Amino acid sequence: MFFLLAFLTGVIINIQLICNSSLAKKIGLINATFINFFIAFIFLFMYKAVRLDLSHHYEISEVPLVFFSGGILVIIITLLANFLIPKLPLLYSTIFTFLGQITASLILDSVYGYHFPMNKLIGISFIFTGILYIIMYDYLEKKFSKKEIIS
């Protein structure tokens with residue numbers, strides 16, 4: 001069940017990337033990012049208003065300040081995605097995002113003391129190799145197209 005949800009999340013992320021970057025092309029990068037977050041704020045505000053849950057009492061002052069940096073990071077991610085998607089094919093954007101996530105996951109997991117069984121490292125190596133193959137194939141195909149060879 002969780003694997004299906006993770007897969008659907010990946011599909012939704014790509015749809016969201018296309019919608020956001022299309023909006024950015026029409027109204028500008030900063031305006032599109034602002035509208036995305038404003039709409040998200042409105043929906044979350046309505047959700048919280050409808051589902052007023054007083055059973056949980058949160059003391060924001062007890063939360064470490066660094067935990068709030070996620071909001072800033074999401075803005076940076078949205079800005080970068082809105083900027084890059086029109087310049088790169090969605091497949092490349094997804095591939096490089098995926099590579100960044102895997103690399104960061106490996107680093108962060110090792111920092112937090114998780115060890116990796118050899119079979120997982122081998123599997124990740126296959127993923128990296130497959131991605132590099134796709135990139136190199138596309139690069140060589142574009143570099144040495146039939147038109148360039150004939151001329």
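Helices here are DSSP runs of H or I with at least four residues, numbered from the N terminus. These views come from a predicted model, in which local features need pLDDT of at least 70, side-chain atom pairs count only at pLDDT 80 or more, and totals for chains, interfaces and linings use all residues. Residues are numbered from 1 along each chain as its sequence is written, and side-chain values use heavy atoms, leaving out hydrogens and water.

**View 1. Asn-82 sits in helix α3.** Beyond its neighbours within four places in sequence, Asn-82 is in contact (heavy atoms within 4.5 Å) with Asn-20, Ser-21, Ala-24, Leu-29, Ala-32, Thr-33 and Asn-36.

**View 2. Helix α1 (residues 2-27) crosses helix α3 (residues 69-84) at roughly 75°.** Their axes, lines fitted to C-alpha atoms over the stretch in contact, with angles from 0 to 180 degrees between N-to-C directions, come within 8 Å. The two helices are therefore roughly perpendicular (65 to 115 degrees). From α1, Leu-17, Asn-20, Ser-21 and Ala-24 meet Thr-78, Ala-81 and Asn-82 of α3.

**View 3. Five residues form the largest nonpolar core: Tyr-92, Ile-95, Leu-99, Ile-131 and Ile-135.** Such a core is a set of buried Ala, Val, Leu, Ile, Met, Phe, Trp, Tyr and Cys residues joined through side-chain atoms within 4.5 Å. Helices α4 (90-111) and α5 (118-143) each supply at least two residues of this core, and α4 gives the largest share, three residues.

**View 4. Ile-131 touches Ile-95, Phe-98 and Leu-99.** Residues up to four places away in sequence are not counted here.

Technical notes: Parallel < 35°, antiparallel > 145°, perpendicular 65-115°, else oblique. Buried < 20%, exposed > 50% of the residue type's maximum accessible area, 1.4 Å probe, protein only.
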